[in-house]
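Here is a short briefing to read alongside the model. Have the viewer open and follow the points in order.

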Amino acid sequence: MAHIEIVDFLCDGCGNCVDTCPMVAMYMEGGVAHVQTEFCDTCGLCIPACNRDAIKFVEDDE
Ligand code: SF4
Ligand code: SF4
């Protein structure tokens, strides 16, 4: 399995990912995006929505 992470220092707070996420799993706080992983279904749609390449799939440890 994998989960989504935001690279904080790359995020410029544009909000595109929040608008794109069909699961409403993303929110803005402190000027950067965050993911509520319990709502995320790892569809990946937020990744191309980010012009800053700040959203990554990260493999979970077994
Ligand atoms: S992977 Fe899909 S469900 Fe998860 S945060 Fe991104 S857009 Fe939302
Ligand atoms: S789309 Fe990228 S730069 Fe914009 S708020 Fe989301 S993570 Fe940050």
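M1 is exposed, because its C-beta atom has 7 others within 10 Å, and a residue counts as exposed at 12 or fewer. Keep in mind that this is a predicted model. M1 sits in the segment before β1, the strand that covers 2-6. Along the chain, M1 and V58 are 57 residues apart, yet 8.7 Å separates their C-alpha atoms.

**Fold**

- The protein has two helices and four strands.
- Read from the N terminus, these elements follow the order β-α-β-β-α-β.
- Of the contacts between residues at least 6 apart in sequence, 61% link residues at least 24 apart.

**Size and burial**

- The radius of gyration of the protein is 11 Å, and this agrees with a compact globule, because a globule of 62 residues would have a value near 11 Å.
- Along the principal axes, the C-alpha atoms occupy a box of roughly 30 × 20 × 20 Å.
- Buried residues account for 18% of the 62 residues, where buried calls for 20 or more other C-beta atoms within 10 Å.

**Ligand 1**

- Which residues are the closest to ligand 1? They are C21, M23, C40, C43 and C46, out of 14 residues that surround the ligand.
- Sorted by class, the shell around ligand 1 consists of 10 nonpolar residues, three polar ones and one charged one.
- Cys and Met both count as nonpolar in this sorting, so C21, M23, C40, C43 and C46 belong to the nonpolar class.

Notes
Residues numbered from 1 in each chain as written. Chains lettered and ligands numbered in written order. Predicted model: local features only at pLDDT ≥ 70, side-chain atom pairs only at ≥ 80, totals over all residues. Near = placed C-beta within 6 Å. Rg over C-alpha atoms; globule rule 2.2 N^0.38 Å. Contact = placed C-beta atoms within 7 Å.
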